[in-house]
Amino acid sequence: MQVIETLAQGLKRELKVVIPADEMEARMNERLAEVKDRVRINGFRPGKVPVAHLKKVYGKSIMADLVNEIVREKPTEILTSRGEKSATQPEVAMTEDEAEANKILAAEADFEFTVAYEIIPAIELKDVSDIKVTREVVDISDDEVNEQILRIAESARTYESKKGKAENGDRVTIDYLGKVDGVAFDGGKDEDAELVLGSNRFIPGFEEQLVGAKAGDEKTITVTFPADYPAANLAGKEATFDITVKDVAAAAPLEINDELATKLGLESVDKLKEIVRGQIESQYGSVTRQKVKRQLLDQLDELYQFETPERLVNAEFENIWRQVNTDLDQAGKTFADEDTTEEDARAEYRKLAERRVRLGLVLSEIGEKAGVQVSDDEMQRSLFEQLRQFPGQEKQILDYFRNTPGAAASLRAPLFEEKVVDHLLTEVSVTDKKVSKDALMAEDEADDKPAKKAPAKKKAAAKAEAAEGEEAAPTKKKAPAKKKASDESAE
């Protein structure tokens with residue numbers, strides 16, 4: 001077998017692989033000898049079929065199997081022998097000429113194919129001891145814990161039907177039908193919907209017009225959807241809602257005591273406070289972690305500058321670009337609305353993709369040299385988390401991860417990255433700084449890098465640079481009558 005390098009330009013490589021016809025024929029004869037005693041052909045005793053006849057009957061089929069094995073296995077072997085790692089699956093090309101292909105299968109011509117790939121660049125690890133990051137820490141007050149418990153208590157509050165007019169704080173049960181220009185719109189209808197007046201769950205003006213209503217009342221109210229409403233067909237439009245009030249109920253008093261804790265499945269109010277404090281600490285800890293990671297990645301980005309594999313960058317860019325366009329479509333906006341052009345946005349997000357790929361390669365090299373491993377238990381926990389997020393679809397998700405090549409790697413990659421970040425935080429200088437809640441939750445100016453005017457910048461940057469979560473989707477059933485889902489989320 002001959003391996004001839006035909007291209008070595010930057011990270012791009014192309015190899016021509018030639019396996020002589022006599023070598024292919026020798027391999028075919030070995031396979032024929034292996035099956036000789038097992039085949040059954042009419043007119044011949046087992047094991048007595050002449051090799052020439054076997055070759056006539058099975059030769060091309062066996063040769064086709066050999067060709068498939070070679071193009072499946074040889075590229076990896078060749079790259080290993082060259083001490084190279086391919087950034088993506090190498091592309092293998094063979095002759096498309098039918099006559100030439102038949103000659104190869106008949107062992108009358110050399111088998112030639114090309115392997116094209118991009119190598120992962122050699123990365124020389126640098127000293128990171130000069131990297132400095134600030135870890136923002138928030139002291140959690142008792143008042144904040146109590147405020148959170150009040151919100152929990154509010155969600156568990158009971159209501160009792162009452163006679164008379166509805167007031168702010170009362171819960172009304174209603175049927176409603178929304179119309180724009182006299183025509184009912186999708187998602188604008190519901191029955192037995194429960195709404196606490198003053199909760200601001202529905203669009204501005206809706207709840208206020210139900211104050212004073214009584215059980216049995218029928219009325220039509222008029223509201224205007226916000227200009228930035230996520231459903232573009234409703235944004236900024238005036239709508240009417242035909243409403244039937246079926247019940248008005250007053251709220252029971254709110255009390256933070258052991259009875260409330262018991263109702264929530266806990267033994268005491270002290271245990272409730274302990275759990276709530278832990279949840280708040282976890283929420284703030286996630287934000288702190290994200291900001292620390294961003295500082296670390298920004299400084300690694302300045303420390304490492306090298307050519308990135310184009311195919312990896314293209315794949316990362318397509319992921320980002322797909323999300324950007326999805327965000328625009330959902331918001332009913334264009335690039336012009338975001339004070340940019342598609343061309344400028346593409347250029348900015350291309351830089352973002354290059355950064356993400358470069359940092360990914362750096363973190364991978366650091367992790368490999370540091371011996372970072374992701375355990376089977378960690379993979380199982382990650383898979384369980386995926387299953388927990390999609391109740392009722394457990395079987396489909398399990399089948400996906402079992403049967404889809406690379407699916408398991410998509411679970412491992414973020415786990416590996418976080419463990420590498422943990423490793424780096426033991427080697428860089430970390431300074432704790434106490435800040436207020438508002439200061440911690442304030443948007444980091446770094447979120448504007450590198451795409452200052454690109455649309456949906458915040459979400460795409462978070463996904464591409466920090467691999468953090470995304471905004472909650474709007475509630476499907478009542479979305480048109482509610483505020484934007486992002487207004488209701490914890491973000």
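The model is predicted: local features need pLDDT of at least 70, side-chain atom pairs count only at pLDDT 80 or more, and totals for chains, interfaces and linings use all residues. Residues are numbered from 1 along each chain as its sequence is written, and side-chain values use heavy atoms, with hydrogens and water left out.

The protein has 14 helices and 11 strands. Helices (H or I, at least four residues) and strands (E, at least two) are DSSP runs, numbered from the N terminus. Of the 491 residues, 35% are buried. Here buried means under 20% relative accessible area, exposed means over 50%, and partly exposed lies in between (1.4 Å probe, protein chains only). Contact means heavy atoms within 4.5 Å. Among contacts between residues at least 6 apart in sequence, 72% join residues at least 24 apart.

**The four-stranded sheet**

- Four strands form an open sheet in the order β1-β2-β4-β3, with antiparallel pairing. Two strands count as paired if DSSP finds at least two bridges between them.
- β1 (2-9) and β3 are the edge strands, and each pairs on one side only.
- Neighbouring strands of this sheet are turned by 20° against each other on average, direction ignored. Axes are lines fitted to C-alpha atoms, for helices over the stretch in contact, and angles run from 0 to 180 degrees between N-to-C directions.
- Helix α7 (residues 310-331) packs on the sheet and touches β2, β3 and β4. The direction of α7 makes about 60° with that of β4.

**Strand β4 and its partners**

- Strand β4 (residues 111-118) has six of its eight residues buried, so it is largely enclosed by the rest of the structure.
- Strand β2 (residues 12-19) runs antiparallel to β4, and eight bridges join the two.
- Leu15 stands opposite Val115 in β4.
- Strand β3 (residues 91-94) pairs with β4 over four bridges, again in the antiparallel sense. Val92 stands opposite Val115 in β4.

- Glu84 sits in the loop between α2 (51-82) and β3.
- Its relative accessibility is 16%, so Glu84 counts as buried.
- The side chains of Glu84 and Tyr117 are joined by a polar contact of 2.5 Å. A polar contact is a pair of N or O atoms within 3.5 Å; within protein, one must be able to donate a hydrogen and the other to accept it, and residues adjacent in sequence count only if both atoms are side-chain atoms.
- Not counting residues up to four places away in sequence, Glu84 touches Arg13, Leu79, Tyr117 and Ile119.

**Met28 in helix α1**

- Met28 belongs to helix α1 (residues 21-35). Its relative accessible area is 2%, so Met28 is buried.
- Leaving aside neighbours within four places in sequence, Met28 contacts Lys55, Gly59, Ile62, Met63 and Leu66.
- Met28 and Leu66 are 38 residues apart along the chain, and their C-alpha atoms are separated by 7.6 Å.

**Helices α9 and α10**

- Helix α9 (residues 376-389) packs with helix α10 (residues 394-403) at an angle of about 140°, and their axes are 9 Å apart.
- The crossing of α9 past α10 is right-handed. A crossing is left-handed if the near helix is turned anticlockwise from the far one by less than a right angle, and right-handed if clockwise.
- Leu383, Gln386 and Leu387 of α9 meet Glu394, Ile397, Leu398 and Phe401 of α10.
- By class, this contact has five nonpolar, one polar and one charged residues. Ala, Val, Leu, Ile, Met, Phe, Trp, Tyr, Cys and Pro count as nonpolar, Asp, Glu, Lys and Arg as charged, and the others, Gly among them, as polar.

**Residues with positive phi**

- Asp181 has a phi near 55°, a positive value in a residue other than glycine. Asp181 lies in the loop between β7 (171-180) and β8 (183-196), and it counts as exposed at 76% relative accessibility.
- Asp192 also has a positive phi of about 55°, although it is not a glycine. Asp192 is placed in strand β8, and it counts as partly exposed at 48% relative accessibility.
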